[in-house]
Amino acid sequence: MSDTGKGGLISKVIGPKRRWRAYKSRVRQLPPNYRTAVEAIERYLMHFGPMDADSAASLFEDVADLFERAAADKTPIRDIVGDDPVEFVEALVANYTKGGYVTRERERLTNAIERAEADGPEDQGASR
């Protein structure tokens with residue numbers, strides 16, 4: 001199967017269609033307020049979740065798990081996401097971004113600075 005066209009793009013961004021459909025079905029079963037929260041998280045992740053398709057699919061499934069359990073326990077949404085929903089989602093993303101381009105570039109930058117520091121004279125600051 002080719003990665004061109006809409007189907008290929010969707011698979012690259014969110015993973016296999018079957019997983020995506022199963023996730024969406026689960027979200028539709030949530031109570032309206034939990035569904036609204038999950039859809040808001042999903043929308044944010046579509047724009048700011050730099051990760052590969054497998055990581056994205058796993059993250060979406062885990063968000064569905066979390067909100068299904070919370071709905072069953074009647075846990076308030078703010079008890080799940082806290083005072084800062086962006087911070088909550090960013091913490092989630094940090095657990096799933098291995099292989100994502102942002103993570104690779106962050107690691108590349110960190111490694112380059114560490115190499116530069118190791119290669120330079122130790123008394124760089126003293127000579128200024």
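1. A residue counts as partly exposed when its relative accessible area lies between the buried limit, under 20%, and the exposed limit, over 50%. Aspartate 65 has a relative accessible area of 26% and is therefore partly exposed. The model discussed here is predicted.

2. Overall make-up. The chain has seven helices and zero strands. Of its 128 residues, 32% count as buried. Among contacts with a separation of 6 or more, 69% are between residues 24 or more positions apart.

3. Confidence. The mean pLDDT of the chain is 81, and 74% of the residues reach 70 or more. Helix H1 (residues 5-14) has the lowest confidence, at a mean of 53, while H5 has the highest, at 96.

4. Helix H3. The 17 residues of H3 should span 24 Å at 1.5 Å a residue, and the end C-alpha atoms are 24 Å apart, which agrees. Buried in H3 are Tyr34, Ala37, Val38, Ile41, Glu42 and Leu45. These residues cover an arc of only 140° around the axis, so they sit on the same side of H3. They pack against helix H2 (17-28), helix H4 (53-73), helix H5 (77-81) and helix H6 (85-94). The face turned away from the buried side carries the exposed residues Pro32, Thr36, Arg43 and His47.

5. Glutamate 42. This residue belongs to helix H3 (residues 32-48). Its relative accessible area is 10%, so glutamate 42 is buried. Leaving aside neighbours within four places in sequence, glutamate 42 is in contact with Trp20, Tyr23, Lys24 and Phe60. With lysine 24 the side chain of glutamate 42 forms a salt bridge (3.0 Å, N to O). Because lysine 24 is in helix H2 and glutamate 42 in helix H3, the pair ties together parts 18 residues apart in sequence.

6. Glutamate 61 lies in helix H4 and arginine 19 in helix H2, 42 residues apart. Glutamate 61, at a relative accessible area of 22%, is partly exposed, and so is arginine 19, at 26%.

7. Arginine 26 and aspartate 65. Their side chains meet in a salt bridge (2.2 Å, N to O). Arginine 26 is in helix H2 and aspartate 65 in helix H4, so the pair ties together parts 39 residues apart in sequence. Arginine 26 counts as partly exposed, at 23% relative accessibility. A network of salt bridges links Arg26, Asp65 and Glu68.

Notes:
Residues numbered from 1 in each chain as written. Predicted model: local features only at pLDDT ≥ 70, side-chain atom pairs only at ≥ 80, totals over all residues. Heavy atoms only, no water. Helix = DSSP H or I, 4+ residues; strand = E, 2+ residues; numbered from the N terminus. Buried < 20%, exposed > 50% of the residue type's maximum accessible area, 1.4 Å probe, protein only. Contact = heavy atoms within 4.5 Å. Expected span 1.5 Å × (residues − 1). Arc of directions from axis to C-beta. pLDDT = per-residue confidence, 0-100. Salt bridge = Lys/Arg side-chain N within 4 Å of Asp/Glu carboxyl O.
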